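Reader: I want a close look at one part. Start from the paired charged side chains and follow the chain on from there. What holds what, and who is buried or exposed?

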Amino acid sequence: MVKTCAWGRCNSDTRRPERIQGVHFIPFPKPKTQKDRCLRWIKACGRPHYQLNESRINRHTFACTKHFVDPSGPTEEYPDPIPSDGSNIRKSRRHWRERSGPYHNIQQNSHTTTASDTCTTSPKECIDEIGESSLDRGPTPAENCFEGLSLLADSCQIDHLMQKKLQETEEKLHHQTVLNQHLNLQLSTVRNQPEVQIEGLNIEKIIQQEKKITGLFFYYTNLKHSTFVTLYNILTEQQMPVFPKKRKGVKTMKPETQLLLTLMRLRHNFGLKDLAARFLISTQSAVFYFLLVYSIAGEGLYKIARWGHP
């Protein structure tokens, strides 16, 4: 039977003995009985899921000993192979009951044996003997001196730690105050700056841009500026639409700008969102002003925008 390694870039194969000198093959764990271990081995192989998964594991799936920490194969400490992605491999740990059970049993046995060996008398007699010996002996001067030195060393160490913590807290507070001052300065400079108001498209901007782009006003409205002014004067006599102050979501706009928006819509069929972006208003405002101006001027305004005459 031909044995090949299931690892991604491994070329171990029993058909080429020169490649497998000192290497032997270990079958994969069965998914039915050792599912967790099998999944760990599949993950360590680093191959795509469609190439290697639980359904493809059978008795002919092997892993060579090149991919284990011990050259002989899996051990108790390292039962899983080395991951192909280069991540660190961890030692296996036994269950906490297996780890702690024998240790506690041994510790309990040692306590029982020592107690039985050292104390042969009853517990009451042992306590009486210990108390009498301590009262008869009393503390020696050397013991008193050592106790005083240990207490002094402990107090000095505590004072040193307290001073260190106080210094750290003072440094943190200083840094925090400096940071707060810096942030307050930045906020004050930002607040003092004048607000820049950006205006949308209007007649003045188009006339200024005509210095670079000739005929821009005529392109937008199919009218010269002088003709536009006369048309505006005629429409104002017929009462141009007034901004409704109680209407929410509608931004105020000059009457000449309303007429410009309407002519651009009729001339080039600009979308309402496009016009709202050009004039820096909402889509609701663009619809509102277009319908108001067109309702007053009627079809004559459409003919002027398309062909230049009513």
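Author: Exposed means over 50% relative accessible area, buried under 20%, and partly exposed in between (1.4 Å probe, protein chains only). This is a predicted model, where local features need pLDDT of at least 70, side-chain atom pairs count only at pLDDT 80 or more, and totals for chains, interfaces and linings use all residues. Numbering runs from 1 along each chain as its sequence is written, and side-chain values use heavy atoms, without hydrogens or water.

The structure holds four salt bridges (a side-chain nitrogen of Lys or Arg within 4 Å of a carboxyl oxygen of Asp or Glu). One of them joins Asp13 and Arg15, with 2.7 Å between the closest N and O atoms. Asp13 is buried, at 5% relative accessible area. Arg15 is exposed, at 58%.

Next comes Asp80 with Arg40, whose closest N and O atoms are 2.6 Å apart. This pair links distant parts of the chain, 40 residues apart. Arg40 belongs to helix H1 (residues 35-45), while Asp80 lies in the loop between strand E2 (62-64) and helix H2 (96-118). Helices (H or I, at least four residues) and strands (E, at least two) are DSSP runs, numbered from the N terminus. Asp80 is buried, at 16%. Arg40 is partly exposed, at 42%.

Another pair is Arg278 with Asp274, at 3.1 Å from N to O. Both lie in helix H9, four residues apart, about one turn of the helix. Both are partly exposed: Arg278 at 29%, Asp274 at 31%. Shared partners also build a network, which joins Asp13, Arg15 and Arg16.

Now follow the chain from H9 (272-279). Helix H10 (residues 283-297) comes next in this account. Its buried residues are Ser285, Ala286, Phe288, Tyr289, Phe290 and Val293. Among the elements covering them are H8 (255-268), H9 and H11, by contact (heavy atoms within 4.5 Å). Gly298 follows H10 and has a positive phi, near 75 degrees.

Helix H11 spans residues 299-307. Leu301, Ile304 and Ala305 are its buried residues. They lie on the same side of H11, because they cover an arc of only 95 degrees around the axis, taken from the directions from the helix axis to the C-beta atoms. Turned away from that buried side is a face with exposed Glu299 and Trp307. Just after H11, Gly308 takes a positive phi of about 90 degrees.

Conventions
Expected span 1.5 Å × (residues − 1).
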